[in-house]
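Here is a set of questions and answers on a predicted model. Each answer sets a computed value against its cut-off.

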Amino acid sequence: MLSRVRVWLNRTYAENVFFMDQLRRNPSDRAVEIHATHADPDSPVLAAADTADLEPEGLSPAAYVEYALDQCARRGIDVFVPRLHQAAIVAHRAEFAASGTALLAPTPEAVAVFEDKATAYEAVRSVGVPVPPWWRVGTADELLAAVEELEAGGHRACFKPAAGAGGVGFRVITRAPFSLAHLEGFPGPYVQLDLVVEALRRSGEPVDWLVMPRLEQPEVSVDCLTGTDNRLRLAVGRTKNGRRRGFTLDERWLEPARLIAEGFGLHHLSNVQFRMFGDRPVLMDVNTRPAGGLHQLSLCGVNAPWAAVQLALGEDPGVIEPPFLGQDYTVVAGPRSLLPVPAALPQQRAESADVLLPKVPAPAPAPEAAQVLPL
């Protein structure tokens with residue numbers, strides 16, 4: 001009988017409750033126990049896990065590695081899926097392996113390349129992957145020069161941090177003066193150029209932004225699973241066009257994603273995002289971690305989280321072809337349980353030193369966030 005697999009997700013985003021659900025519903029019928037840690041006691045991943053800890057705040061990357069090694073040893077972790085401090089953790093892969101823990105994460109070199117978007121654009125362009133025009137700016141004058149050059153070419157300018165994830169800090173430049181029209185409806189990503197320039201000059205501090213043209217839809221996120229032999233096991237594109245979402249195996253998107261995943265050591269799960277610049281796809285971003293929407297591949301009959309855990313354990317699942325492509329769908333919010341407020345802090349068990357968060361009674365299964373829409 002196969003032993004149970006113990007998986008740890010550290011300070012991950014809420015949508016990974018679905019990642020956890022898929023691990024438990026794996027096609028191998030293997031017992032999986034999930035450990036989760038987070039700094040937010042109301043994170044739904046803590047309630048969804050079998051055991052959980054609140055993470056200490058303020059640790060340096062080096063101190064966090066020590067914390068992580070201790071968690072793996074005390075919890076008997078077989079597979080660790082690191083998000084927070086990924087770069088520091090993968091640099092210590094050998095130490096985790098010595099404690100019996102496999103890291104479901106890329107090589108240190110891959111993480112270093114894709115931590116910085118400008119470095120990433122230069123790197124992927126060198127292997128033939130199209131990228132949009134971009135300018136790295138640190139001052140108001142550099143911002144103005146980049147915006148003017150883009151506008152002269154007929155493009156709308158936007159900017160985002162050179163390092164960051166999840167669309168944090170993304171803004172679209174407009175020259176329209178602030179008016180009551182900007183206070184109607186919901187807040188949007190548009191920001192007045194004069195306000196940005198004034199804020200930069202008033203602060204006196206440099207920024208680290210990439211200025212580039214606003215890219216057009218569709219957006220295609222290619223979820224990749226790659227072995228440590230640099231061979232791709234799985235690549236499926238998830239398309240986004242407004243509210244409508246779907247799937248694609250079109251090589252226009254898969255081939256450049258394959259070049260990146262196999263060429264840069266993006267081992268295990270990664271996500272490569274494209275949008276349109278004119279009439280051709282260009283790279284938008286590369287995530288060296290599982291995407292929040294990875295579970296949506298279940299609509300294509302694929303359990304990517306479990307295949308990744310198998311690969312991390314040395315149980316090669318082979319090349320995975322989706323048996324079908326699911327129909328178009330949209331994403332809606334749904335309820336998830338949280339830990340009771342009195343149980344939101346770790347409780348010390350008398351019989352051991354393990355810090356556990358009491359489990360919420362299991363609710364009836366909630367539908368996943370990816371709901372199928374009939375055409």
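Q: What makes β11 and β14 a strand pair, and in which sense do they run?
A: Two strands pair if there are at least two bridges between them. β11 and β14 share eight bridges and run antiparallel. Therefore they count as paired. One of the contacts sets V222 against V272 in β14.

Q: How do you know that β14 also pairs with β15?
A: Seven bridges join β14 to β15. The cut-off is at least two, so the two strands pair. Their sense is antiparallel. R275 stands opposite V282 in β15. In the hairpin of β14 and β15, two residues lie between the strands, and G278 has a positive phi near 70°.

Q: Why is β14 called mostly covered?
A: Buried means under 20% relative accessible area. Nine of the ten residues of β14 are buried, so the strand is described as mostly covered.

Q: What makes the pair of F114 and F264 edge-to-face?
A: The ring centres are 5.6 Å apart, and a pair needs them within 6.5 Å. The planes stand at 80°. F114 sits in helix α6, while F264 is in the loop between α10 and β14, 150 residues apart. Both residues are buried.

Q: Why is the pair of Y121 and W134 called tilted?
A: Its centre distance is 6.1 Å and its plane angle 45°. Planes under 30 degrees apart would be stacked and those over 60 edge-to-face, so 45° leaves tilted. Y121 belongs to helix α7, and W134 to the loop between α7 and β6, 13 residues apart.

Q: Why does W134 count as buried?
A: W134 has 19% relative accessibility, and the cut-off is under 20%, so W134 is buried. Y121, with a relative accessible area of 1%, is buried too.

Q: How many aromatic pairs does a search of the whole structure find, and which residues form one aromatic cluster?
A: The search finds nine pairs. W8, Y64, Y67, F80 and F96 make up one cluster.

Q: What makes G166 and M284 part of the lining of the largest pocket?
A: A lining residue has an atom within 4 Å of a pocket point. The lining holds 35 residues, and G166 and M284 are among those nearest the centre. Therefore each has an atom within that limit. The elements that give two or more residues include β11, β14 and β15. The volume of the largest pocket is about 860 Å³.

Q: How does the lining of the largest pocket divide by residue kind?
A: Twelve residues are nonpolar, twelve polar and eleven charged.

Methods. Residues are numbered from 1 along each chain as its sequence is written. This is a predicted model: local features need pLDDT of at least 70, side-chain atom pairs count only at pLDDT 80 or more; totals for chains, interfaces and linings use all residues. Side-chain values use heavy atoms; hydrogens and water are left out. On a 1 Å grid over the protein atoms alone, a cavity is a set of points where a 1.4 Å probe fits but cannot get out, and a pocket is an open set with protein on both sides within 12 Å along at least five of seven lines; lining residues have an atom within 4 Å of a point. Grid points are joined across faces, edges and corners, and a volume is the space filled by probe spheres set on the points. Helices (H or I, at least four residues) and strands (E, at least two) are DSSP runs, numbered from the N terminus. Ala, Val, Leu, Ile, Met, Phe, Trp, Tyr, Cys and Pro count as nonpolar, Asp, Glu, Lys and Arg as charged, and the others, Gly among them, as polar. Buried means under 20% relative accessible area, exposed over 50%, partly exposed in between (1.4 Å probe, protein chains only). Rings of Phe, Tyr and Trp (its six-membered ring) pair if their centres lie within 6.5 Å; planes under 30 degrees apart count as stacked, over 60 as edge-to-face and the rest as tilted.
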